[in-house]
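Let's walk through this structure together, one region at a time. Please keep the sequence and the 3D view side by side as we go.

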Amino acid sequence: MKRVGYIYDDIYLKHDTGEGHPESPNRLVAINEYVDLIKEKLIIIKPRRATAKDVALVHDQYYPQEIMDLCSAGGTYLDPDTRCSIFSYEAALYAVGAGLEAVDRIKRGEVDRVFAAVRPPGHHAEYSKAMGFCIFNNIAIAARYAQKQGFEKVFIIDFDAHHGNGTQKAFYEDDTVFYFSTHEYPFYPGTGSKEEKGTGKGYGYTYNVPLPAGTGDDVYEKVYSEELPPLIDNFDPDIIMVSAGYDLHMDDPLTYLEVSTEGIGKIVENILKTKDVPFLFMLEGGYNLIALGESVKLTIEKMLEI
Ligand SMILES: [Zn+2]
């Protein structure tokens with residue numbers, strides 16, 4: 001059995017998005033109800049508080065201060081979907097810090113794989129812009145941090161139903177971080193066409209699989225068992241990071257994909273089979289609480305077994 005770390009902290013519940021917002025603290029409450037059932041098999045890890053300098057690995061150096069000021073003034077809408085409240089800056093720093101702590105634990109050989117149950121999510125956040133429920137780009141920062149710790153080549157897989165525009169943009173001209181995404185298309189945020197492949201020396205290191213509404217288990221199985229493995233073989237990463245968004249589930253209220261919980265399990269299985277390297281999964285979306293809890297538990301079970 002693999003040694004799997006689970007990162008969570010109650011600070012994530014204090015990121016208040018307001019009454020009725022789908023990206024609510026209840027998402028993590030639901031996940032923990034399911035993860036508690038397998039908790040004795042996991043190595044429980046607390047995240048650390050990232051610094052503004054850590055955030056600046058990917059973002060504008062003045063951006064953290066801007067977020068801090070807006071939050072401490074009582075909060076506001078950072079974009080039409082993305083609300084921050086008084087504790088959001090702290091929660092966002094700890095969401096980033098989960099990725100940093102995971103990389104350190106992996107580097108020290110304490111764990112083989114980590115699942116970080118964080119919020120706010122990150123993959124839509126751009127250089128100096130919060131977007132789509134995301135404030136800081138947790139996984140992009142983790143990737144840059146991992147490179148500093150000696151994991152030279154990072155492969156990011158994003159199976160959230162939405163395209164990770166922020167992550168793609170962060171590494172679009174980079175040949176040391178590969179970005180692979182499956183997502184509903186055309187759909188929010190509008191990016192993620194097949195033609196977006198990177199630019200300059202990064203050309204060929206971005207790979208998008210846009211999928212129409214209604215796409216289900218069969219197509220996902222094919223993409224993850226046939227299309228993904230050769231990309232990973234060729235790139236030969238030192239670590240694989242996964243933007244684990246569960247809004248591809250058929251019961252998700254925000255999207256129109258038709259993937260079952262078992263289908264998500266197969267995706268995770270195919271990802272874990274690609275290469276014997278450390279894996280870091282970071283939570284992105286997923287808004288049906290039962291589907292989310294069940295799917296995260298199944299993800300972690302696969303991480304333990306495969
Ligand atoms: Zn999403």
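Let's begin with histidine 162, which is buried, with a relative accessible area of 10%; buried here means under 20% relative accessible area, exposed means over 50%, and partly exposed is in between, using a 1.4 Å probe and protein chains only. Before going further, please note that this is a predicted model, in which local features need pLDDT of at least 70 and side-chain atom pairs count only at pLDDT 80 or more, while totals for chains, interfaces and linings use all residues. Residues are numbered from 1 along each chain as its sequence is written, and side-chain values use heavy atoms, with hydrogens and water left out.

Histidine 162 belongs to the zinc site. The zinc ion has the protein donors Asp160 (OD), His162 (ND1) and Asp247 (OD), at 1.9 to 2.1 Å. Donors are N, O and S atoms within 2.8 Å of the metal (3.2 Å for Na, K and Ca), and since water is not among the atoms, sites may look incomplete. Along the sequence, the spacing of these donor residues is D-x1-H-x84-D. Aspartate 160 is buried too, at a relative accessible area of 1%.

You will find glycine 285 in the loop between S10 and helix H9 (289-305); helices (H or I, at least four residues) and strands (E, at least two) are DSSP runs, numbered from the N terminus. Glycine 285 is buried as well, with a relative accessible area of 3%.

Now turn to the sheet. It is an open one of eight strands in the order S2-S1-S5-S10-S9-S6-S7-S8, with parallel pairing; two strands pair if DSSP finds at least two bridges between them. Strand S2 (43-45) and strand S8 (206-211) form the edges, each pairing on one side only. On average, neighbouring strands of this sheet are turned by 15° against each other, direction ignored. Helix H4 (residues 88-107) packs on the sheet, where it touches strand S1 (4-7), S2, strand S5 (113-116), S9 and S10, and its direction makes about 165° with that of S10. Such axes are lines fitted to C-alpha atoms, for helices over the stretch in contact, and the angles run from 0 to 180 degrees between N-to-C directions.

How is S9 placed within the rest of the structure? Six of its six residues are buried, so S9 is largely enclosed by the rest of the structure. Ile239, Met241 and Ser243 point one way from the strand, while Ile240, Val242 and Ala244 point the other way. S9 (residues 239-244) runs parallel to S10 (residues 279-283), joined by five bridges, and strand S6 (residues 154-158) also pairs with S9 in the parallel sense over five bridges. Methionine 241 stands opposite isoleucine 156 and also opposite leucine 280 in S10. Valine 242 has phenylalanine 281 as its bridge partner in S10.

Some of these residues return in the largest nonpolar core, which has 92 residues; those with the most contacts inside it are Phe136, Phe159, Met241, Phe281 and Ile300. H4 supplies the largest share of this core, eleven residues. A nonpolar core is a set of buried Ala, Val, Leu, Ile, Met, Phe, Trp, Tyr and Cys residues joined through side-chain atoms within 4.5 Å. Phenylalanine 159 has contacts that include Val242, Ala244 and Phe281.

Finally, a few backbone details are worth a look. The peptide bond from tyrosine 185 to proline 186 is cis, with omega near -5°, and the bond from tyrosine 188 to proline 189 is cis with omega near 5°. Proline 186 sits in the loop between strand S7 (177-184) and S8, and proline 189 is placed in the loop between S7 and S8. Phenylalanine 133 has a positive phi of about 75° although it is not a glycine, and this residue is buried at 13% relative accessible area. Aspartate 236, in the loop between helix H7 (217-235) and S9, has a positive phi near 55° and is partly exposed at 39%.

Notes:
Contact means heavy atoms within 4.5 Å. Lists of a residue's contacts leave out its neighbours within four places in sequence.
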